[in-house]
Amino acid sequence: MKDKKYTYSDELYSDLFKDVYGFRPTGMIYEGWLAKSKDDKQLTWDMLVNDLQIETWYEEKEQSWEETERNWA
């Protein structure tokens, strides 16, 4: 049986969380992370990465739209 490869990082979780939500996880949020199984941490990590990708996409589209508006003004 092949070992499952995990890509999450306990050390970078707080940074990723902040990039997505704008604040660092504290208290119950961080304690919840620490209590998760490896599989649950990976699922949470993957969801945060996905949310960050979506947020980045929206920010890029917004910047592109603003640039287009300036060029037409």
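## Glutamate 55 and the model

Glutamate 55 sits in helix α3, which spans residues 38–72; helices here are DSSP runs of H or I with at least four residues, numbered from the N terminus. The model is predicted, so local features need pLDDT of at least 70 and side-chain atom pairs count only at pLDDT 80 or more, while totals for chains, interfaces and linings use all residues. Residues are numbered from 1 along each chain as its sequence is written, and side-chain values use heavy atoms, with hydrogens and water left out.

Glutamate 55 has a relative accessible area of 37% and is therefore partly exposed. The classes are buried (under 20% relative accessible area), exposed (over 50%) and partly exposed (in between), with a 1.4 Å probe and protein chains only. The areas come from the Shrake-Rupley method, and for residues only the protein chains shown count as cover.

## A negative patch

Together with Asp51, Glu59, Glu60, Glu62, Glu66 and Glu69, Glu55 forms a negative surface patch. Residues in a patch have over 30% relative accessible area and no salt bridge; like charges are joined within 9 Å, and nonpolar side chains (Val, Leu, Ile, Met, Phe, Trp, Tyr) within 5 Å. Asp and Glu count as negative, Lys and Arg as positive, and His and the chain ends are not counted. The place of a charge is taken as NZ of Lys, CZ of Arg, CG of Asp or CD of Glu.

Glutamate 60, one of the patch residues, is also in helix α3. Its relative accessibility is 47%, so glutamate 60 counts as partly exposed. From the C-alpha atom of glutamate 60 to that of alanine 73, 13 residues apart along the chain, the separation is 20 Å.

## Salt bridges

Side chains of opposite charge can pair when their charged atoms come close. The whole structure contains 3 salt bridges, a salt bridge being a side-chain nitrogen of Lys or Arg within 4 Å of a carboxyl oxygen of Asp or Glu.

Lysine 4 pairs with aspartate 39, and their closest N and O atoms are 3.5 Å apart. This pair links distant parts of the chain, 35 residues apart: lysine 4 is in the segment before α1 (13–21), and aspartate 39 is in helix α3. Lysine 4 is exposed at 53% relative accessibility, whereas aspartate 39 is partly exposed at 40%. Aspartate 10 forms a salt bridge with lysine 41, with closest N and O atoms 2.9 Å apart. Here too distant parts of the chain are linked, 31 residues apart, with aspartate 10 in the segment before α1 and lysine 41 in helix α3. Aspartate 10 is partly exposed at 28%, but lysine 41 is buried at 8%.

Arginine 24 and aspartate 15 form another salt bridge, their closest N and O atoms being 2.7 Å apart. Arginine 24 has a relative accessible area of 40% and is partly exposed; aspartate 15, at 33%, is partly exposed.

## A buried threonine

Threonine 44 lies in helix α3. At 15% relative accessibility, threonine 44 is buried. Leaving out residues up to four places away in sequence, threonine 44 touches Trp33 and Lys36, where contact means heavy atoms within 4.5 Å.

## A nonpolar patch

Tyr21, Phe23 and Ile29 make a nonpolar surface patch of about 290 Å². Phenylalanine 23 is in the loop between α1 and α2 (27–35). With a relative accessible area of 43%, phenylalanine 23 is partly exposed.

Key
Accessible areas come from the Shrake-Rupley method with a 1.4 Å probe; for residues, only the protein chains shown count as cover. Helices (H or I, at least four residues) and strands (E, at least two) are DSSP runs, numbered from the N terminus.
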